[in-house]
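Please keep the sequence and the model in view while going through the points.

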Amino acid sequence: MVEPETFAFLADLGMNNRKAWMDEHREDRDDAVRNFAGIAMTLYDYADRFDPFVAEAGIKPKRSYTKFFQEPRDRIGRALYRSDVDVFANAGDPEESFGYYLHIEPENCYAGAALFKPSKDALVRMRTRLIDDPSGLTAILDDPEFKRTFPDGIVTRKALGTVPEGFASNDPAAPYLKMAGLGCRKDLPDALLLEDEVTCMWFTPPF
């Protein structure tokens, strides 16, 4: 799955986040990128077994992992490069980034499924579904295997302060209606990702 050299490269990049260092380690960078492309192919192949939308999305593996260089508008802190990478199998519009993912970062790896960057239309569809089919959400949250696999439940990177206009603030789904994108994640030890057969251990949805 993840090659030991990839973990070593990411750890070294975190401590040497400079263009001069990256230029000196282009071969190591290229090896890591090849590893990410291979992981993306594995995720696509496995996700396609239970989610036909992955194949229908038609996203190429080379477009299925985040790049090292950070654009100024996306930059976090002063680091020029990301020292972590997200590899994903998209099951929808590439602009909305919905699907299954693996976050690779030394000592901070995790995997899950999420709607990362929903468009306005996607948010409306998601929120309407939560209202129209409340039992669907309840069934997932109450499922013992889901609770065991994802102890934090459904989480978000960003939540609104109030329920969006047009939705009732006292609706049971209100906490999820406030989410601007949502998902679930499971922490993974680095050692597990070094195993070739790791995919079948964690990449099976419990719902």
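1. Is Asp-23 buried, partly exposed or exposed? The model is a predicted one, and in it Asp-23 has a relative accessible area of 31%. Asp-23 is therefore partly exposed, since this class lies between 20% and 50%.

2. Asp-23 has two salt-bridge partners to examine. With Lys-19, the closest N and O atoms are 2.8 Å apart; with Arg-26, the corresponding separation is 3.7 Å. Lys-19 and Asp-23 both belong to helix H2, 4 residues apart, or about one turn of the helix. Lys-19 is partly exposed at 48%, and Arg-26 is partly exposed at 46%.

3. A further salt bridge links Asp-31 to Arg-34, with the closest N and O atoms 2.2 Å apart. These two residues are separated by about one helical turn, because they stand 3 residues apart in helix H3. Asp-31 is partly exposed at 31%, whereas Arg-34 is exposed at 54%. Shared partners join Lys-19, Asp-23 and Arg-26 into one network of salt bridges. The whole structure contains 8 salt bridges.

4. Ser-64 lies in the loop between helix H4 and strand S1. Ser-64 is buried, with a relative accessible area of 0%. The side chains of Ser-64 and Tyr-44 are joined by a polar contact of 3.0 Å.

Technical notes
Residues are numbered from 1 along each chain as its sequence is written. This is a predicted model: local features need pLDDT of at least 70, side-chain atom pairs count only at pLDDT 80 or more; totals for chains, interfaces and linings use all residues. Side-chain values use heavy atoms; hydrogens and water are left out. Buried means under 20% relative accessible area, exposed over 50%, partly exposed in between (1.4 Å probe, protein chains only). A polar contact is a pair of N or O atoms within 3.5 Å; within protein, one must be able to donate a hydrogen and the other to accept it, and residues adjacent in sequence count only if both atoms are side-chain atoms. A salt bridge is a side-chain nitrogen of Lys or Arg within 4 Å of a carboxyl oxygen of Asp or Glu.
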